[in-house]
Amino acid sequence: MLELKGVAKRVRGQTHIYPTDLTLEKGTMNVLLGPTLAGKTTLMRLLAGLDAPSEGRVIWDGRDVTGVRVQDRGVAMVYQQFINYPSMSVYENIASPLRIAGQARDEIDRKVRQTADLLKLSPYLERLPLELSGGQQQRCALARALVKDAGLVLLDEPLANLDYKLREELRAELPRIFQKSGAIFVYATTEPEEALLLGGNTAALWEGRIAQFGPTLDVYRQPCDIVTARVFSNPPMNFTSVRKDGHRLTFGRGVNAPADGVFAGLPDGDYSAGFRANHLGLNVHTGSAIELPCTVGVSEITGSETYLHLHHGDDRWVALLHGVHDIPQDSEVGVFLETRYLYLFDVAGKLAAPAAYAMAA
Amino acid sequence: MDKPVNQRAWFLVLPVFLLVAFSAILPLMTVVNYAFNDTFGSNAFFWVGLEWFEEVLTSERVHEALLRQLLFSAIILAIEIPLGIAVALTLPKRGIGASVCLVILALPLLIPWNVVGTIWQVFARVDIGLLGAFLSQIGVDFNIGQDSIDAWVVLIVMDVWHWTSLVTLLAYAGLQAIPEAYYQAGRIDQASRWAVFRYIELPKMKGVLLIAILLRFMDSFVIYTEPFVVTGGGPGSATTFLSIDLVKMAIGQFDLGPAAAFSIMYFFVILLICWVFYTVMTNLDRQDLPE
Amino acid sequence: MARITLENVAHSYLSHPRSEADYALKTINLNWDDGGAYALLGASGCGKTTLLNLISGLRQPSQGRILFDSVDVTEAPTTARNIAQVFQFPVVYDTMTVRQNLAFPLRNRGMDGAYIKRRVEAIAKMIGMAGVLDRRARGLTADAKQKISLGRGMVREDVNAILFDEPLTVIDPHMKWELRTQLKSLHREFGHTMVYVTHDQTEALTFADKVVVMHDGRVVQTGTPQELFEAPEHTFVGYFIGSPGMNLLPAEVRGKTATVAGHAIALAADYGNPQGRVQLGIRPDFVSFDAAGDLPVTVTRVEDIGRRRIVRADFRGTEINAHLPEGEPVPSGATRISFGTAQIGIYVDDWRASPNGAAPGEIA
């Protein structure tokens, strides 16, 4: 178990990480999700011991390791760049951490072959890293990180430099690979879909703060504030202002919805309503759907789906529709939204009422 | 980035520290000792305070040497930096030609200073030197032993011959680090050759050029061997630069006190000028960074 | 603006290519309409960047001709082709301000000062940098620098084409949405011919009217996103488009029936009696769980990606993926699946077969 207790990081008067508490359990996958400069890499360096925190303690299995050198901690790290020893074969690359640890030759051979198998590198053991494709080079770096049985494995956007399809392939494999290890995995990414595919836990990071940490799907379906909802939505979450008045929710342009169910208990006042792109539709499915008048911007067609960019007053939305809909720019359409997909956030940005569908899921 | 502190590392620095103490700090302290005392030999010292410093500071001879020194550094920088960049720009970017050029360019750098001095001294001699004899033959009145302009020209040409390669090599390394995409973008934007140099190459070379300027300035400011071998500081004192003057003072006249005070100030002047250079040039950089 | 034609263009990085394998780009014929938005999609090393560089004139083809409208530009240098290009990593002139960066291509062409000012300000507004026009470019973030690169590509109104070489690589997902839509509206507004190179199917499909899928130095299919999704001409297109890609099962086909490991599956049309390596292709979107389905499978894993689930099932050692919409119950263990009959494609030696016994490789 690795704990951060009030860990903060400041560099030359600038705060990179605000005081943070975080507990990572053994054998779990933990995703740090956030945009560039949110503090993902800084947090990883603090976890690894590459940097000392400005304040706070790092506790590993009950032992205070704040200030202990990274070499003495049993940490492995994989970077966005493919970092291997260029003059060593793949076999030697994977074996290198074991050789440094002074393990027996048979033991090294067994572990190298086993790890190479797991990462589908067995046919390439005698090659040099630069003779491999990008995907295979990163597999080699992953193998080197896994083989040493480190208690903590840090992966800093390891798939970012790979082609889309290779990324997809490795992404599907990674959870299977992780399951077999008892280590704590920490995985930084900017992509919500990657977090969802990896499963485990997710910490949503924004401007040096962990906005929310919990099981990935819970964080996705029940974001605790606007920041998390925004970080964890791709396409971006749509927002509009809404007013609760007794038994009624009033949207802009005079659209009303009954404030029942999860909304009934809310105090009257102004809220921010958030909903995801895939929950908007062009057809009514149930009676509880409200119709929101919009102007169409660009439509992007992927072949099976359509991303429709919409203007609703000053709000800019994206609707993800099933099928191909080539709607001319500037046409007026009514899009439908069922209120059970609606999150309400208060003026401070905190979640006031979760979406009903998410509670049921 | 601050790392977890490990005090044991200090022990590893200890040998170097001792070495530096014996090779630099102790001799320096001796000089400091001489600078504040007068001595008549046999280790008898009298405290004279800042007297030697005053003497040196008010000495016209030192003022002249300093002016000469600054002029020399300014001239060779003004020639070597643009020339070095120009040569770097014309070098082939890759292939066997690039390696050949680099080796040829590096040759002057491999020759010891006194040898360079001797080569040019002989080269410039009116009786047997290729240059001197040739110029005399065609009727040019050329004599580095009598004409101070001639002496300066030879010294400057010699320094340029010896050190431009260094600037070229540094600039070349800077140019090599520019990604191809920048040149492609330049072609697509229809940038002129000058614009490519001004907006792509020069900004990307700034870092190495800063180092080149610093190195060349320091080196030229403390230059001794070459002018000493070629002109011996003459004719008269026309090429007596600071270090030559210092040696004359210390060894020639045995004025150890003023010479010691002189060297200490010399040291601080170089330190100061380098610091000013460095801060000014790095600050130029920093202005653009976001707050 | 121009129509771009490539006639029998091939390129090898070797000076004396001997076999076909020496060519990074095998013979290519393309015809791109004036004002179209095209994407070149493929894995790294497939030749897409080489093709782009041939069009921009940064490289000369080993054979063939390149025409802009009807002018042969095969030998013309980059500067003579009047194109704009945006690179993978931001290329900005560090010492210039944002304004000077945007004005640079116009200034080099001796445009009138008032026009430059107007144009630069219009572009700055479009890329959302009107507020920082007088900031030095050096200190900006990668996002902002790439926006400047995009802006510099857009600033000339008279260009023959604007080429993009994976321009959104360094951009965060959220910003990608913004920049992509901006590109798209700029295209609608000015009607430049645009060519966009990427390995990212989402970027290619959402940006382009026509996507050119490249594989191993060849163009395997050119089509609208819908065509690529619904009727991939080659198994590579099936695999490369869609996430996960098309399921492919070895099959035997006789007339209107395909047999997959002893299980008969009805087809929408008569495919005759194809020989060679025959495969049945079906997109995960058209695989459904159904107690009366054709194939027995075992569900091995379910990935919940929020708006839908990807169900990974095993059919006799072959993985079959299926999509489930959000909120639908997840099958577990052994179950049966069926395929949408109209969406099944038959592939012979990797090329899509047309029904009624037409030869493989021909378009239905």
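Domain bounds here come from an automatic or database domain assignment. The model is predicted. On that basis, chain B splits into domain 1 (18–49) and domain 2 (60–288). Taken over C-alpha atoms, the centres of domain 1 of chain B and domain 2 of chain B are separated by 33 Å. Four residues from domain 1 of chain B and six residues from domain 2 of chain B make up the contact.

The area buried between domain 1 of chain B and domain 2 of chain B is about 430 Å². Carbon and sulfur atoms give 87% of that area. B:Val31, B:Tyr34 and B:Ala35 supply 72% of what domain 1 of chain B buries against domain 2 of chain B, more than any other three residues. Zero salt bridges are found across this interface of domain 1 and domain 2 of chain B. By class, the side of domain 1 of chain B that touches domain 2 of chain B has four nonpolar, no polar and no charged residues.

Chain C also has a domain assignment, with domain 1 (4–230) and domain 2 (246–352). The C-alpha centres of domain 1 of chain C and domain 2 of chain C are 38 Å apart. Four residues of domain 1 of chain C touch five residues of domain 2 of chain C. About 370 Å² is buried between domain 1 of chain C and domain 2 of chain C, and carbon and sulfur atoms give 54% of it. C:Val220, C:Phe229 and C:Glu230 supply 91% of the area that domain 1 of chain C buries against domain 2 of chain C, more than any other three residues.

Across the interface of domain 1 of chain C and domain 2 of chain C, zero salt bridges are found. Two residue pairs are in polar contact there, both residues of each at pLDDT 80 or more. H8(C) gives the most to the side of domain 1 of chain C that touches domain 2 of chain C, with three residues. That side of domain 1 of chain C has three nonpolar, no polar and one charged residues.

The next interface lies between two chains. The contact takes 39 residues from chain C and 43 residues from chain A. The area buried between chain C and chain A is about 3,600 Å², with 52% given by carbon and sulfur atoms. C:His174, C:Trp177 and C:Arg307 supply 20% of the area that chain C buries against chain A, more than any other three residues.

Between chain C and chain A, 17 residue pairs are in polar contact, both at pLDDT 80 or more. The elements of chain C that give two or more residues to the side touching chain A include helix H6 (173–190), helix H7 (201–207), strand E17 (295–304) and strand E18 (308–315). H6(C) gives the largest share of that side, eight residues. By class, the side of chain C that touches chain A has eleven nonpolar, 15 polar and 13 charged residues.

The count of salt bridges between chain C and chain A is five. In one salt bridge, the side chains of A:Arg221 and C:Asp304 meet at 3.5 Å, N to O. Over all chains, the search of the whole structure finds 50 salt bridges. The side chains of C:Arg308 and A:Glu305 also meet in a salt bridge, at 3.6 Å, N to O. C:Arg308 lies in strand E18 of chain C and A:Glu305 in strand E17 (residues 305–312) of chain A, so this pair joins two chains.

A:Phe275 and A:Trp317 form an edge-to-face pair, 5.0 Å centre to centre with 85° between the planes. A:Phe275 lies in strand E14 (residues 269–275) of chain A and A:Trp317 in strand E18 (residues 315–322) of chain A, so the pair ties together parts that are 42 residues apart in sequence.

Backbone features complete the description. A cis peptide bond joins A:Asn234 and A:Pro235, with omega about 5°. A:Pro235 is in the loop between helix H8 (226–231) and strand E11 (238–245) of chain A. In chain C, the peptide bond from C:Ser243 to C:Pro244 is cis, with omega near -5°. C:Pro244 lies in the loop between H9 and strand E11 (247–250) of chain C. A:Arg12, a residue other than glycine, has a positive phi near 45°. A:Arg12 is in the loop between strand E1 (2–11) and strand E2 (14–24) of chain A.

Technical notes: Residues are numbered from 1 along each chain as its sequence is written. Chains are lettered from A and ligands numbered from 1 in the order in which they are written. This is a predicted model: local features need pLDDT of at least 70, side-chain atom pairs count only at pLDDT 80 or more; totals for chains, interfaces and linings use all residues. Side-chain values use heavy atoms; hydrogens and water are left out. Contact means heavy atoms within 4.5 Å. Buried area is the accessible area (1.4 Å probe) that two parts lose on being put together, summed over both. A salt bridge is a side-chain nitrogen of Lys or Arg within 4 Å of a carboxyl oxygen of Asp or Glu. A polar contact is a pair of N or O atoms within 3.5 Å; within protein, one must be able to donate a hydrogen and the other to accept it, and residues adjacent in sequence count only if both atoms are side-chain atoms. Helices (H or I, at least four residues) and strands (E, at least two) are DSSP runs, numbered from the N terminus. Ala, Val, Leu, Ile, Met, Phe, Trp, Tyr, Cys and Pro count as nonpolar, Asp, Glu, Lys and Arg as charged, and the others, Gly among them, as polar. Rings of Phe, Tyr and Trp (its six-membered ring) pair if their centres lie within 6.5 Å; planes under 30 degrees apart count as stacked, over 60 as edge-to-face and the rest as tilted.
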